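Please examine the sequence and the three-dimensional structure shown below. The paragraphs after it lead from the arrangement of the chains to the packing of individual elements.

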There are 2 protein chains.
Amino acid sequence: MAEEAAVRAQAETVRRLKQDKADADEIAKEVAKLLEMKAQLGTDDGKHKFVLKTPKGTRDFGPKEMAIRERAFKAIISCFKRHGAEVIDTPVFELKETLTGKYGEDSKLIYDLKDQGGELLSLRYDLTVPFARYLAMNKITNIKRYHIAKVYRRDNPAMTRGRYREFYQCDFDIAGQFDPMIPDAECLKIVHEILSDLQLGDFVIKVNDRRILDGMFAVCGVPDSKFRTICSSVDKLDKVPWEEVRSEMVGEKGLSPEAADRIGEYVQLHGGLDLIEQLLQDPKLSQNKVAKEGLGDMKLLFEYLSLFGITGKISFDLSLARGLDYYTGVIFEAVLLQQDNEHLEEPLSVGSVAGGGRYDGLVGMFDAKGRKVPCVGVSIGIERIFSILEQRLEASEEKIRTTETQVLVASAQKKLLEERLKLISELWDAGIKAEMLYKKNPKLLNQLQYCEETGIPLVAIVGEQELKDGVVKLRIVATREEVNVRRESLVEEIRIRTSQC
Amino acid sequence: MAEEAAVRAQAETVRRLKQDKADADEIAKEVAKLLEMKAQLGTDDGKHKFVLKTPKGTRDFGPKEMAIRERAFKAIISCFKRHGAEVIDTPVFELKETLTGKYGEDSKLIYDLKDQGGELLSLRYDLTVPFARYLAMNKITNIKRYHIAKVYRRDNPAMTRGRYREFYQCDFDIAGQFDPMIPDAECLKIVHEILSDLQLGDFVIKVNDRRILDGMFAVCGVPDSKFRTICSSVDKLDKVPWEEVRSEMVGEKGLSPEAADRIGEYVQLHGGLDLIEQLLQDPKLSQNKVAKEGLGDMKLLFEYLSLFGITGKISFDLSLARGLDYYTGVIFEAVLLQQDNEHLEEPLSVGSVAGGGRYDGLVGMFDAKGRKVPCVGVSIGIERIFSILEQRLEASEEKIRTTETQVLVASAQKKLLEERLKLISELWDAGIKAEMLYKKNPKLLNQLQYCEETGIPLVAIVGEQELKDGVVKLRIVATREEVNVRRESLVEEIRIRTSQC
């Protein structure tokens, strides 16, 4: 009995333990569920934990920045149109493979989209590769087009100096088989026109040719296989001194010290027609076929640029290399020159604001039969220009308007909301830019103040007496002058008074 | 001896086998390496295997499509400016968490970027959430702005009907604490102005209010927790018949058949002021606080719309629900009406071309203290409008110009490239839109033909005699008339002759 009881007790203990275990499991499950729900709630309802910012290297454009941006775009677009360019647009992302193998060492900076099923996509890195893809896809052999759009690079941003991860490029390109250097010269003319028009201060446009660089590398004793990587090193000369570039060539890239020193002599050369003539006589370079071709075209280019009257700002510069892989001929880069500026305490930031060149092989990379479409183009780096214009505006006293409103529809007394709505509707329908305060009974003073703040030049005031008389009181904000205008003449009167604005 | 030999032979066999195995391993490794290299080469050098296309659901805009797009934008932007809006822009991607919990069931359509280290990012899904983030981040409590930019949705594209994965939205929003329904009425006025201006044919703007919907759900016996999901079902009424929506409510969403039937009675109602008055007398609805509030505001809205003279195109429609979670008050949607069209064989596609509403809680979701900024806004769905304009243009005989070039600089004889370059440079510098052919010695006929093809109205012809006489021959392409113009008067003459264009 005692034994049986003991066994029964033990069995009971086991049963209970099992039950406890089951309960504990059940509880653990419930807890896990609750935690999961909490986590979900946390993301749905976590409004107080948000980091309120734009992604790294990006920024919003508020109304003021947009006003500046539109000014710069206007100058650029009107130049592109002056030169007879059409406009195109492409998607912000491309198939990943479209971008592969086009950018050399810079490919690591491409933004990829997450694989959510379907195609693998990347954000565009520039506008040139999408343009080449567009030409090949549509079998276009002949076009002059511009394209203004944002491009994306996972670079280290330096936003105060206008370097962002999302930034605009303004590209102008001429595609087609043409007589040498005529389109190339036009691209340089365009850079000259835009930089002059934007009044960014003094600038110089450096010009070189990939063929001259390649010829130079050959006669200096650089092995063929090292042309591109040595070219990348030369490209750094605008940021670091020759000594550093030389030690990269010799130390990291295994170039012989003698070859590096020979390069060093060439890359310090810059000048104009005289330098071209000198190099055409150079005992080594003149023996190199591609270099000679490049120098011959450079001479032709300078002749055309002199007909355009812009050689004063052009410098043939053997240190200019440009990073991207796809260039095949003329390359160029516009640089703003540091200047004393009386209005600013800090000096304006300087650097490259435009660049481009000839890329005759890129379209062929997209064509099944490798058919080439020669191209030359320029890209205006607008963010740096925005930065300069913003800094300048901040330093000046100029007040920039962010709307174009011509007239505020106001009321002198209470209970005139309906009359204001009727009048403003008439003005809108007549094409007048008009605003009103969204209050039933705004004070006249507040309405006038709003005009002062926002730069609205006119106020159309409705009052009981005016309604009876069939007139509207038109107030000129700047002079505080007030005139009664017959209602049927109001639109015309507003047009006349704002036509100079 | 024999045994020893056998053992030695066996050992040798083992050794050989081991060596073979090792060799095989080595070979396998080498093969793997080679395959890997081949794969890498395949991506770098696989130019002949490219799929030449834009990503699914996206398209390029060529010069013709751009010309149409710019026309539509011009109408829309001039309307937004007429109403005194400022303009802003935000980055194409946001922190992923910024978009989380804003779009309800549609969140699955958001494009995420790949995690390449750093922040988790998503492409913007609309312009409203970035706008709310912008307001909260900059503590702006008061703004009227527009924003025209591309948004991204991983939806099933139907591109012939203008539904893309990358598409433009043109948004106009008014943020701030104002007297009721004045900004809301302006948003509807804007939709009316834009659709009238674009001449897309007859349209109706459906209007409803989330508060009326919620009140209706309450009095029909929908449990509070089911409001949003039943609202999603109602939202489908523009695409599927009531019977289907009802069975979704009852079958999938577990609503009682009686409640569904009561909803069914309400959602077939649409009308104007009369319907509002009728519902204000409705024994059930009039007892519901939020419904009554919504109906009161709806009445006020209609009064303002009648002052704007646009009630003829407005329909108070109880079946309008709008998909997005964030609406809190008035909602609306503009729909083009099917019409007989004499010029087209296929009927124009119809559907929603604009939508919007009031979202008073969204900005507060981004504010650490939950401070609300009431907002109301409208979004113009421009892609569908592009489709219609494109179809219409194709059906018409109108030839659309894709450049604005005023004059082609041409030559009558050979060896005049330099003279053409000099003249075109003068014209560009004077602001004239000018082109020339990029050939050293183009035939006059080819130059004239280029003008015919591209619609350039004037040709400035330099020839030896003209150069001697100090004149340029100006040819009017349309009439073939030719006049000699003194070189110093050429710019003025071109301006006068193209001022009507």
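The structure is a predicted model. Chain B is superposed on chain A by a rotation of 180° with 0.1 Å of shift along its axis, and the RMSD is 0.3 Å. The two copies are thus related as by a two-fold rotation axis. Both copies use the same surface, since 99% of the contact residues of chain B recur in chain A.

A helix pair in chain A may be considered next. Two packed helices are described by the angle between their axes and the distance between the axes. Helix α2 (residues 63-82) and helix α5 (residues 182-197) of chain A have axes that come within 10 Å and cross at roughly 145°; the crossing of α2(A) past α5(A) is right-handed. From α2(A), the residues A:Ala75, A:Ile76, A:Cys79, A:Phe80 and A:Arg82 meet A:Ile190, A:Glu193, A:Ile194 and A:Asp197 of α5(A). By class, this contact comprises six nonpolar and three charged residues, with no polar ones.

Chain A also contains an open sheet of nine strands with mixed pairing, in the order β1-β4-β5-β11-β10-β9-β6-β8-β7. At its edges stand β1 (86-87) and β7 (270-271) of chain A, each with a single partner strand, so one side of each has no neighbour in the sheet. β1(A) runs parallel to strand β4 (residues 143-152) of chain A, to which two bridges join it; A:Val87 has A:Tyr146 in β4(A) as its bridge partner. Helix α6 (residues 210-220) of chain A packs on this sheet, where it touches β6, β8 and β9 of chain A, and its direction makes about 60° with that of β6(A). Helix α13 (residues 382-395) of chain A likewise packs on the sheet, touching β5, β9, β10 and β11 of chain A at about 30° to the direction of β11(A).

In chain B, an open sheet of five strands has mixed pairing and the order β13-β12-β14-β15-β16. Its edge strands, β13 (434-435) and β16 (482-486) of chain B, each pair on one side only. Strands β14 (residues 458-462) and β15 (residues 471-476) of chain B are antiparallel and paired over four bridges, with B:Val459 opposite B:Arg475 in β15(B). Helix α13 (residues 417-429) of chain B packs on the sheet and touches β12, β13, β14 and β15 of chain B. Helix α14 (residues 444-454) of chain B lies across β12, β13, β14 and β15 of chain B, at about 175° to β12(B).

Note on methods
Residues are numbered from 1 along each chain as its sequence is written. Chains are lettered from A and ligands numbered from 1 in the order in which they are written. This is a predicted model: local features need pLDDT of at least 70, side-chain atom pairs count only at pLDDT 80 or more; totals for chains, interfaces and linings use all residues. Side-chain values use heavy atoms; hydrogens and water are left out. Copies are superposed by least squares on the C-alpha atoms of residues with pLDDT of at least 70 in both. Contact means heavy atoms within 4.5 Å. Axes are lines fitted to C-alpha atoms, for helices over the stretch in contact, and angles run from 0 to 180 degrees between N-to-C directions. A crossing is left-handed if the near helix is turned anticlockwise from the far one by less than a right angle, and right-handed if clockwise. Ala, Val, Leu, Ile, Met, Phe, Trp, Tyr, Cys and Pro count as nonpolar, Asp, Glu, Lys and Arg as charged, and the others, Gly among them, as polar. Two strands pair if DSSP finds at least two bridges between them.
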